[in-house]
Amino acid sequence: MAKKILIIDDDKIFVKILRDGLMAGGGGKYEVITAFDGEEGFVTAANERPDLIMLDMMMPKVTGIEFLKKLRSVEWGKDTPVIIETQLSDLGKMSEGVELGVTGYIIKSDYSLDTILKQVEDVLK
Amino acid sequence: MVPLELLYIIIIFSLLYIAVVIFSYLGLRKLRKNILEQGREAKRRMYEIAILKEIGDRTGYSLNIQKILDVIVGSLGQFLDYSAVSYMLLSPSKVVFKVDLDESVSAKFVGDIRSRMLSSLSALLGRDIAETEIEETITGAIMVESSSDPVQSYFNIPLVIGGELVGVLTVSNTKPGLYKESEMEILYKIVNQASQAVTRLEDVIKTEQGKIAAMIESMLEGVVMTDKDYIVIAANPAAKTVIGHKEAGVPTIFNFIDAFSGTLDIRSKLEEAIKLDKILTINEVFFGNKYYQVVVSPVKANIGLTKGEILGGVIIFHDITHEKEAEKMRNDFTSMMVHELRSPLGNIKKIGEMMRTPKVLEDKQASSEYVTMLYESSSSMLDLVNDLLDIAKLEAGKFSIEKGAVKIREIIADRVKFFETVAKDAGINLTFIVGDGVPDTVSLDPKRISQVLNNLISNALNYTEKGGRVTISSFMHKKEKNIFDEASAVGVPWVTENMSSMLENTTDSLIISVTDTGEGISKENTEKLFNKFTQFSSSIRGAKHSGTGLGLVIARGIVEAHSGIIGVGSKEGKGSTFYFALPL
């Protein structure tokens, strides 16, 4: 069965590339769903129960950290693997993320699609 | 026989001769007397000059009247004959009584002088000082108990400094009728001159001290001065504010040490500065929610014999919170810019990666989608770079506009048309109202004014929800007329709350406004809107909206380059009116 990946990010272009990249690179292994802010993301996550969440830290309405806290507070979201997307300048937020049990991180502007694909594969193995 | 006439003549001549001799003698005597007198006068003068010089030499810049009196007393013997010369000086707690004896006198004699001096001091002061403690010093000849010579000659010279009686100088003798007025006069003169010198010196020092005190009082920096034993001599109001010392009076060094304990060891810094004669600068001391640069420096004497000697220390607290905030804003700005540039750049890179895969290359629709994305990403980067260049030009004062006679209505209408599709897609009603009297052509830079309009209209559309309304208007403003009345007269909606400028004093101008029914801006944030750095340090834009907010900063630069005014009126939940006035 295809693994469900939820991308939550307000950068629409990035979401599209990542989605296309995961779909193409995964060769049908992954089903990718998307949300453009934390609020929408939480609703989608609650409905779809994804196997992996790729979460942007800098987001409108509900920020990445707020989303994580909320996710970890509900039964179904306690153990969902989360990969956070950050910018180099934002690495300070990592420690907060680690406390909330993130599985990994990607640096948005620096990591190539291949690196991201590999990381996703590792997490979902 | 000698004729009688001749005898007469001889007698007359003899008499004349005698008269001449007598007159000559008398004249000579008078002359001699004058010369002697002049000699004495010259001697007095010499003494006067000598003693004044001596006073000057021996006391230097001393303000100590007692030292000066000692000099006078010590040299008085060259000029006056006395049994005792004495002075009494008033100090807050006691009376200093010093007697210099030139010959043996009895204790009764000294006691007599003491009581005479006390009563004359009391009389001069107008209050009784007989009860005050007296510090007595007697120097010179031995007192002989058997002698019972009373005080027979005596005179007093009051000591006045700065218009205030400080004491009395007395010369006394066991012999009667000794002191002539001229002698008293000279002594009086000397004492008077010495007093005047001290008074002048005190005045100068008081003025200088006053100047320094006023300067230190008004300094923004906190200044604390201590002596060598770290006892606080002075602390200005700013220094008291630093440690939150609210009581009146000078705080102690412990107030400072305690306040800074755990942050900065003031005591050891002060010790280091004083003992090692070093100026210490401690950058960035964070204390009481503020940043300080603290300088601890030794204080050295800069005049006199003790020049260079360390007298104590000074601690200066320089509040650098503002600089630190500005620095933080600059850093925030830079990291924001880096973020804004990295995101599209990162996307471009990934689009390139995707497009290299054969699957996308073969898929015509996917390819064209990616090309569109490439275009969007690079456009947004280019826009940002252009904005940054504009900002840089504005800051360097090199921002220039190219004015020309343009049809303003067409320019606005063109912009409105440009945004019509976007507005329609977003479900927002976009309208354009032109008031009467708007001239056909106006002198302005069409490209730059279009840039301002683009910014204001796109902001308005961004912040307005579906079903909302964005109204663009252009009308004339007359000086001293109310802008709200003028707007409502042409049917232009205007958010009147928290207006940043009322435009009453503006000359006749062309007003262009963009009013939305969006979420509005808080008063606090409207003040930050047009400022480059505060745009970033606050969440003005609201979490919902992306962008750098540089557009408004540039818009202000453009409008100001046209000698115009840009402003905003806004209320949360109601909407905002952004406007600019271009003087005609």
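## About the model

This is a predicted model, so to speak of local features takes pLDDT of at least 70 and side-chain atom pairs count only at pLDDT 80 or more, while totals for chains, interfaces and linings use all residues. Residues are numbered from 1 along each chain as its sequence is written, with chains lettered from A and ligands numbered from 1 in the order written.

## Where the chains meet

On chain B, 20 residues are in contact with 17 residues of chain A (contact: C-beta atoms, placed from the backbone, within 7 Å). α8(B) (321–356) and α10(B) (364–396) each supply at least two residues to that side, and α8(B) gives the most, with twelve. Helices here are DSSP runs of H or I, at least four residues, and strands are runs of E, at least two, numbered from the N terminus.

## Helix α5 of chain A

Inside α5(A), you'll find A:Leu113, A:Ile116 and A:Val120 buried (20 or more other C-beta atoms within 10 Å of its own; exposed means 12 or fewer, partly exposed in between, with C-beta atoms placed from the backbone). Their packing partners include β1, α1 and β3 of chain A, together with α8 of chain B. The face turned away from the buried side carries exposed A:Asp114, A:Thr115 and A:Asp122.

## A hairpin in chain B

Strand β16(B) (565–571) is mostly covered, with six of its seven residues buried. Seven bridges join it to antiparallel β17(B) (575–583); strands pair if DSSP finds at least two bridges between them. B:Lys571 has B:Gly575 as its bridge partner. Three residues separate the two strands of this hairpin, and B:Gly573 in the turn has a positive phi of about 85°.

Key
Two residues are in contact if their C-beta atoms, placed from the backbone, lie within 7 Å.
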